[in-house]
Every structure is written in structure tokens, then in C-alpha cells.
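Dear colleague,

I am handing over the structure below, and after it you will find an account of what was found. Please read the two together.

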Amino acid sequence: MFDNLSDKLESVFKKLRGQGVMTEDNIKDALREVRLALLEADVNFKVVKDFVENVRLKAVGTEVMQSLAPGQQVVRIVHDELITLMGGDQDNNLDLAAKPPVVLMLVGLQGAGKTTTCGKLGSWLRKQKRRPLLVPADVYRPAAIEQLKTVGRQLNIDVFDSQTGQEPVDICSAAVRFAELNGFDTVLLDTAGRHQIDDFLMNELERIKAAAQPREILFVADAMTGQEAVTVAGGFNDRLGITGVILSKLDGDAKGGAALSIKAVTGAPVKFVGLGEKLDALEVFHPDRLVSRILGMGDVLTLVEKAQSALDEKETARLTQKLKKNQFDLEDFLAQLQQIKKLGSLESIMGMIPGMGKMVKQMQGAQPSEKEMKRIEAIIRSMTPAERADHGIINGSRRLRIAKGSGTTVQEINLLLKRFTEAQKMMKQLTKLGPKNLMKGMGG
Ligand code: GDP
């Protein structure tokens, strides 16, 4: 996901960095490539056009053009504009402040992932110390009601006892009353879907909206369908006025266009992303972190956050300090690898470490695997403490020794060190580019 876009943008920026002075011409060339990269990532055509124009205006109008690092300047503008495109660093959280029960209505096409997301969201809400009630309101698809009841049982979350013979609008009204009487503070309506937008369904959803007065109407979009998801979101928005988007199946090989376009097209921000079929595979969406990931800086913040919930606090605090001070060394990297093992699916973690995904890819030219992680681990373990603290001292003969010790090749050592150096640099940039965001995310 986003790998292609990431690679393309990185190569544009690399070229820019190599240029001493920024002229309108080289900005133009760079922007042409940025434009192509975005189009290839399946970003909406009009969104791309506006985006590139915004970047151009800012880049040309920036006085710092004469500064020493003009390339850096453009990277920064692209970075900021991408964040703005997805809604900025505004609070994307759900609007849950109203008097309970707060009603959240999930809408979307059939197969988009509504029912699964309903369960995931229920589980997320419970973690926020809320008491959710799941409401199956799809009486058309056979087994849809049973599916949500099963999800509820798995999560041990209550599900309203809807029956297929009932009217969806009646179900929703009754469920809200039931929640009121029984102390549920959040009601999740899992509405019916169709293969495409149709008038009958929209009519029904409008009536449910009027009857249940949802605080949020969340459009569940299948990220794999790319621009189609964006178009459909627009259709739902016209009829219902959606307040947010939950982008499912972002774990697949979607190109990412939907994530980048949907806010610009509908005005509704992506609030959550679904990252797998399991019922805990839902994350709050942070545009700034996704942009850092796209621009190759890794998602240090999400990683640190995950770490905070899974690891001991002392170790996390130490790591956070090191990241803040740019003192992250190979020893920390190794400690990090150990901890990562505790954090669950390797694939979901890999992209979050600066330079890591790429490093492993280049070493083996394949998807990251436990085996490749072991090689990196073996390499670092074959280094002396002094070498881990300051990899600058690792000269030719040391490299040979490490390769022998770890059963790898000097070439692999070279690559690892090169990538690690780049990762360090990226972290430095990350701190420079967004100290505000960095500190915020780390609770510092
Ligand atoms: P609905 O018709 O909109 O209610 O969709 P479902 O919840 O039944 O989901 C359709 C399919 O998508 C199911 O096989 C889900 O397991 C799968 N699915 C839902 N969300 C995700 C996700 O985030 N990642 C992946 N890989 N699959 C998902």
C-alpha cells in the first residue's frame, strides 16, 4: 500500500535535493512527476490538478527559495499540502459528546465491510469506556442479521434483537429506545447495502436518518475499489450528508487513491481505517502520519503508540527520548526489533519504521518476513556495543568480521548501514518538519 507512490515521490525529491538553486523550471519538472505519481496512485483527476496547482503557487511564492535547501522546501510544501488534502490535523475523532445514547449510522455498498466495521467500531468504543449496542438493520441480505449477532457474540458486545420481518426504520427507532432504557450510551446502526446506489435504498436510509437522528453518518468505503469508492461516497453524501468515512481493506494492495481523494470530493474526513478481517484491525486515521509514511519517513508515531500499549513504559519512554533527541542507534534498533515481535503482525509494523520496509525489501527483493528480520538481527548481534552505539566506526575489516559472525555478506552489512543512516536522517527531518506533531503524538 502506497509503496509505489512513496517510491516515486522519493525519487522526485532526491533529484530536487541535488539541485543548488530552485528555478521555476525545475519546480515545473518536479511537479509534473508529482502529478503523474498521484494519478498512478489512482487519486482523483481533479484533486490532483488542484493539489499540484496549490503546491506550485506556494513553491513559487516562497521567499526561502534562495535558501540552502530548496529541495527541502518543496518536500515540506508537498508534505503539508498532502496533510491538508486529507483534512489537516484537525480532530478526526467521532462526535460522541452529545447526550446519550449517541447514534452512529454506518452506510455503504454491499461488501464494503459495514458489518465487520460495526463490530470493530463497537470494540473500539468499548476501549473508550463506552457501552455500545450493535443494531442489525439489513433485512434484505440473507444472514446479515445473523452475521452481526455472531460478531457481537465474538466480542461480547450486545446486539439488538432485530428480525428479518421488521421494517428497518422501525428496527432503528426501537433500538434507540431500547438503548435509552437499558443504559447503552452509543448505538451503532448497521444498515443495508446494495451493489450500487439505488433510490429505494437511499430513501430508506433517509427515513432512518430522520427517525434515529444519528450524530454521525459514517460511509464505509472499500479502499480496494479506488476511485469507484470516491464516486459512491459522493453519491451517498449528496443524499444523506455523510460526516465521516471509514476506509476498509487498506491492508490489501489498494493504491491509496481513495484515502487521498475522498475528503476533497465529499468534504468528509476519513476517521478510521480497517486493516484486516480480524475484529481488532481498526485504527484511528491520522493524515499527518500517513503522509510521513508516504514520504518515506515511516510512521514512528503510530509505532510508539502501539508500543506504549504493548510494552513496558520505561522502555518506551527511553525510546521516545532517543527519538526526540535524534540519538536512536543500532542498539535501540535491535531492542526495537525484539519488541516488534511482541506487537503482532510483522507486515503491519514494517512500514512504520523509518527506512525499514525498504531496507528489508532491498536485502531480499521480497516481502518482509520473519526470516529476513532474523538476518538483520543477526547482523546487529554480531556487532560490538561500541559499533552499535556509533556505526560510523564500522570500517572494512569490521564489516568482514560482522558478516562472518552473522553468516551474511559484506554487501548486506553495507546495505543495512546505508539504510540505517538514511533512516536516522529521515527522523531528523521528521523532527524538523513537524516538531509540533511529533511531540503531540509522543505525549511530550
Ligand atoms: P458488508 O456487506 O458491507 O456488511 O461487508 P462485510 O462486513 O460482510 O465485509 C465483506 C468482506 O470484507 C468480509 O469478507 C470481511 O471479512 C472483509 N473485510 C471487511 N473489512 C476488512 C478489512 O479492513 N480488511 C480486509 N482484508 N477485509 C475486510
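**The sheet and what surrounds it**

Leucine 134 has leucine 188, in strand 3, as its bridge partner. The model is a predicted one, in which local features need pLDDT of at least 70 and side-chain atom pairs count only at pLDDT 80 or more, while totals for chains, interfaces and linings use all residues. Residues are numbered from 1 along each chain as its sequence is written.

An open sheet of 7 strands has the order 2-3-1-4-5-6-7, and its pairing is mixed. Its edges are formed by strand 2 (132–137) and strand 7 (282–284), each of which pairs on one side only. From one strand to the next the twist averages 25 degrees, where axes are lines fitted to C-alpha atoms (for helices over the stretch in contact) and angles run from 0 to 180 degrees between N-to-C directions.

Strand 1 pairs with strand 3 in the parallel sense over 5 bridges, and valine 102 has threonine 186 of strand 3 as its bridge partner. Strand 1 is mostly covered, since 6 of its 6 residues are buried, a word used for a residue with 20 or more other C-beta atoms within 10 Å of its own, as against exposed for 12 or fewer and partly exposed in between, with C-beta atoms placed from the backbone. The cover extends to both faces of strand 1, with Val102, Leu104 and Leu106 buried on one side and Val103, Met105 and Val107 buried on the other. Over the protein, 45% of the 444 residues count as buried.

Helix 9 (residues 227–240) lies across strand 1 (102–107), strand 4 (216–222) and strand 5 (244–248), and runs at about 160 degrees to strand 4. Asparagine 237 lies in helix 9 and is partly exposed, because 19 other C-beta atoms lie within 10 Å. Leaving out residues up to four places away in sequence, asparagine 237 touches Ile242, Thr266 and Ala268, where contact requires C-beta atoms, placed from the backbone, to lie within 7 Å. Asparagine 237 and isoleucine 217 are 20 residues apart in sequence and 9.3 Å apart in space, C-alpha to C-alpha. Among contacts in the protein between residues at least 6 apart in sequence, 75% join residues at least 24 apart.

**The ligand shell and the annotated span**

There are 18 residues around the ligand, of which Gly113, Lys114, Thr115, Thr116 and Gly274 come nearest; a residue is near a molecule if its C-beta atom, placed from the backbone, lies within 6 Å of it. Helix 5 (residues 114–127) provides the largest share of this shell, 3 residues. By type, the shell divides into 3 nonpolar, 11 polar and 4 charged residues, with Ala, Val, Leu, Ile, Met, Phe, Trp, Tyr, Cys and Pro counted as nonpolar, Asp, Glu, Lys and Arg as charged, and the others, Gly among them, as polar.

An unreviewed UniProt entry places the feature "domain: SRP54-type proteins GTP-binding" at residues 269–282; the positions are given in the numbering used here, feature names are shortened, and annotations may be inferred rather than shown by experiment. In the model this span is 0% helix and 43% strand, and its end C-alpha atoms lie 16 Å apart.

**Backbone details to check**

The peptide bond from proline 100 to proline 101 is cis, with omega near 0 degrees, and proline 101 sits in the loop between helix 4 (70–85) and strand 1. Asparagine 156, in the loop between helix 6 (144–155) and helix 7 (168–182), has phi near 60 degrees, a positive value in a residue other than glycine. Lysine 249, in the loop between strand 5 and helix 10 (257–266), likewise has phi near 60 degrees. Asparagine 156 counts as exposed because 9 other C-beta atoms lie within 10 Å, whereas lysine 249 counts as buried because it has 25 C-beta neighbours inside 10 Å.

With best regards

Key
Helix = DSSP H or I, 4+ residues; strand = E, 2+ residues; numbered from the N terminus. Pairing = 2+ DSSP bridges. Contact = placed C-beta atoms within 7 Å.
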